[in-house]
Amino acid sequence: MADYLSNLWHIVPWVSLTPFIGAIATIIAATLAALVVISQNAKQARRATVQLRHTEALKLKMRVYEEIVGLCREAGDAEVSYSSYASGFVIDLTLYREMTRAGLSWGLPKARALSLFEKQAYFSKAVIALISLAERWGVIHPGLEMYRLAFNVALHDAEIAFDPYRSLVIRFMPAEIPNSPEQGSLFPWTMPDDATIQTLKVATDALIKAIDSFGGFMYDFQIDMQNLLVGELFEHRIAPRQPLDPKIVVARLDDWEKLKAYFENSTAWGKMKNAIDAQVRKANEVAG
């Protein structure tokens, strides 16, 4: 075998093949260089694609965050307007009682039932807008379902607390005479007695507590959305709300499953919804 290879080595005209060998080597080298360039370009293209997707995702997050900020601003304004108007009536009523008993002239309470109802409707509309947003952008994080429930719970509690408050104030808020020649003319008004004013204070406190509950959930929502959507742009993260009262529920994405179960099963709204769902299922079974 060794003799055969030795003879073959001397038989092959290597000198005449040198140009061909050089050409082949050049082709191989060029091919390898081209493959390296193609590989590098492919890697750069992939990196550019990933960066483009990240940039577009960040733009979308910013648009969603801007929508959230706008709706939260409207809801916050509605909350403050509603809460201050509701609490302002009992304050004005108490001042009127104290001042007139002291023999001083004092203006009647400024609150009117129609304005109160408008502010209550504006508040409800703002809360419903946030509920709709949580439904619309649930793809962002599964915990948005928890916030949808939290807002529903807060709205339900505020509506329940409004009923006894409304039944009182509609009788004791000064009322303007419609189509009166003199603008702002009032029907005859009598100040309620002390017991009624105290009952009104209790109803007012309950309403304000329910309204403030929504405000707390909205604040929690803004914290979580800021950390989730724009947090990567900054090193800082906002800590969750920490109320002084440990009984106050704080909504937070890092505990959304537990909170979701709480809102669904342990709140007045959740229990009411479960009861309605059970009735509907039973009716469907009977009909089927």
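Pro240 has a relative accessibility of 32%, so Pro240 counts as partly exposed. This residue belongs to a predicted model. Pro240 sits in the loop between helix 5 and helix 6 (256-265). Beyond its neighbours within four places in sequence, Pro240 is in contact with Ile223 and Arg252. Ile223 is 17 residues from Pro240 in sequence, and the two C-alpha atoms are 7.0 Å apart in space.

## The whole protein

The protein has seven helices and zero strands. Read from the N terminus, the order is α-α-α-α-α-α-α. There are 288 residues in the protein, and buried residues make up 33% of them. The accessible surface comes to about 18300 Å². Carbon and sulfur atoms account for 61% of that surface. Among contacts with a separation of 6 or more, 76% are between residues 24 or more positions apart.

## Salt bridges

Side chains of opposite charge can pair when their charged atoms come close. How many salt bridges does a search of the whole structure find? The search finds 15 salt bridges. The table gives some of them.

| Arg241 | Asp220 | 2.7 Å |

Take Arg241 and Asp220, whose side chains meet in a salt bridge. This pair links distant parts of the chain, 21 residues apart. Arg241 is in the loop between helix 5 and helix 6, while Asp220 is in helix 5. Both Arg241 and Asp220 are buried.

Arg252 is partly exposed, because its relative accessible area is 30%. Asp254 has a relative accessible area of 56%, so Asp254 is exposed.

Why are Lys260 and Glu264 separated by about one helical turn? The two are four residues apart in helix 6, and therefore about one helical turn lies between them. Lys260 is partly exposed because its relative accessible area is 22%. Glu264 is partly exposed as well, because its relative accessible area is 26%. Elsewhere, salt bridges that share partners join Arg97, Glu98, Arg101 and Asp194 into one network.

## Arg97 in helix 2

Arg97 has its place in helix 2. Is Arg97 buried or exposed? Arg97 counts as buried because its relative accessibility is 9%. Leaving aside neighbours within four places in sequence, Arg97 is in contact with Met191, Asp194, Ile197 and Lys201. The side chains of Arg97 and Asp194 are joined by a polar contact of 3.1 Å. Asp193 is 96 residues from Arg97 along the chain, and their C-alpha atoms are separated by 9.2 Å.

## Leu95 and a surface patch

Leu95 is also found in helix 2 (residues 14-101). Its relative accessibility is 34%, so Leu95 counts as partly exposed. Together, Ile91, Leu95 and Trp106 form a nonpolar patch on the surface. The accessible area of these residues together is about 270 Å². Pro109 is 14 residues from Leu95 in sequence. From C-alpha to C-alpha, Leu95 and Pro109 are 8.8 Å apart in space.

## Two residues of helix 5

Thr196 lies in helix 5. Its relative accessibility is 19%, so Thr196 counts as buried. Thr196 is in contact with Leu168 and Phe172, neighbours within four places in sequence left aside.

Asp224 is found in helix 5 (residues 194-229). Which side chain of opposite charge is nearest to Asp224? That side chain is Arg252, 6.7 Å away. Asp224 is buried yet has no salt bridge.

Asp224 does have polar partners. A polar contact of 2.6 Å joins its side chain to the side chain of Tyr147. A polar atom of the Asp224 side chain lies 2.9 Å from the backbone nitrogen of Leu253. Residues up to four places away in sequence not counted, Asp224 touches Tyr147, Ala251, Arg252 and Leu253.

Definitions and conventions:
Residues are numbered from 1 along each chain as its sequence is written. This is a predicted model: local features need pLDDT of at least 70, side-chain atom pairs count only at pLDDT 80 or more; totals for chains, interfaces and linings use all residues. Side-chain values use heavy atoms; hydrogens and water are left out. Buried means under 20% relative accessible area, exposed over 50%, partly exposed in between (1.4 Å probe, protein chains only). Lys and Arg count as positive and Asp and Glu as negative; His and the chain ends are not counted. A salt bridge is a side-chain nitrogen of Lys or Arg within 4 Å of a carboxyl oxygen of Asp or Glu. A polar contact is a pair of N or O atoms within 3.5 Å; within protein, one must be able to donate a hydrogen and the other to accept it, and residues adjacent in sequence count only if both atoms are side-chain atoms. Contact means heavy atoms within 4.5 Å. Patches are made of residues with over 30% relative accessible area and no salt bridge: like charges are joined within 9 Å, nonpolar side chains (Val, Leu, Ile, Met, Phe, Trp, Tyr) within 5 Å. Accessible areas come from the Shrake-Rupley method with a 1.4 Å probe; for residues, only the protein chains shown count as cover.
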